[in-house]
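How many cavities does the rule used here count in this predicted model?

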Amino acid sequence: MTPDTQLFQDVFNASPIGIVVETLEGQPLFINRAFCSMLGFSEEQLRLKHCVDFSPAEDAEKDWQLFQQLREGSLDHYQLEKRYFRRDGSLMWGRLSLSSLKGRSSPMVIAMVEDITDKKTAEERLHESEERLRLAVQGGRMYAYSWDAAT
């Protein structure tokens with residue numbers, strides 16, 4: 001193994017962000033430990049899946065449409081926030097960044113996934129809190145306004 005190959009393998013395995021190298025058909029070839037840990041599956045189990053199998057249908061459909069544009073060459077990369085199935089049946093939110101790896105005898109795709117579940121949960125709680133406040137103001141017939149004494 002060359003030093004460059006070893007360095008790539010070390011970075012791939014040590015990354016805290018999930019990384020998957022796929023074929024242009026969406027079949028995973030290489031999956032790092034972080035992605036396996038995020039979803040709770042082994043690398044072997046994930047290699048048997050197609051990229052659309054990782055997410056609920058509506059999320060997978062958006063991703064697959066963009067993936068097709070990447071395959072056709074109209075996109076070099078894209079980012080998407082989507083949900084992923086965990087082994088225990090729960091869902092996690094991930095920020096997917098996908099790029100084509102051109103200039104190879106067999107072109108591939110590299111997908112990087114960052115777990116953003118905590119961020120999405122906080123956004124949802126904030127939205128719910130804002131909605132409760134809106135309903136309380138509306139129900140109490142209270143109004144907020146700004147007054148500038150100078151004008």
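The count comes to 1 cavity of 30 Å³ or more, where a cavity is a set of points on a 1 Å grid over the protein atoms alone at which a 1.4 Å probe fits but cannot get out. About 90 Å³ of space lies in the largest cavity, a volume being the space filled by probe spheres set on the points, which are joined across faces, edges and corners. Its lining (residues with an atom within 4 Å of a point) is made up of 13 residues, and Glu22, Phe54, Tyr84, Leu96 and Ala111 lie nearest the centre. E1, H4, E3, E4 and E5 each give two or more residues to this lining; by class, it holds 10 nonpolar, no polar and 3 charged residues.

The model is predicted, with local features needing pLDDT of at least 70 and side-chain atom pairs pLDDT 80 or more, while totals for chains, interfaces and linings use all residues. Residues are numbered from 1 along each chain as its sequence is written, and side-chain values use heavy atoms, without hydrogens or water.

The strands (DSSP runs of E, at least two residues, numbered from the N terminus) include five that form an open sheet in the order E2-E1-E5-E4-E3, with antiparallel pairing, for which DSSP must find at least two bridges between two strands. Strand E2 (28-31) and strand E3 (77-85) are at the edges with a single partner strand each, so one side of each has no neighbour in the sheet. Within it, E1 (residues 18-23) pairs with E5 (residues 108-115) over 6 bridges, and Val21 has Ile110 in E5 as its bridge partner.

Key
Helices (H or I, at least four residues) and strands (E, at least two) are DSSP runs, numbered from the N terminus. On a 1 Å grid over the protein atoms alone, a cavity is a set of points where a 1.4 Å probe fits but cannot get out, and a pocket is an open set with protein on both sides within 12 Å along at least five of seven lines; lining residues have an atom within 4 Å of a point. Ala, Val, Leu, Ile, Met, Phe, Trp, Tyr, Cys and Pro count as nonpolar, Asp, Glu, Lys and Arg as charged, and the others, Gly among them, as polar.
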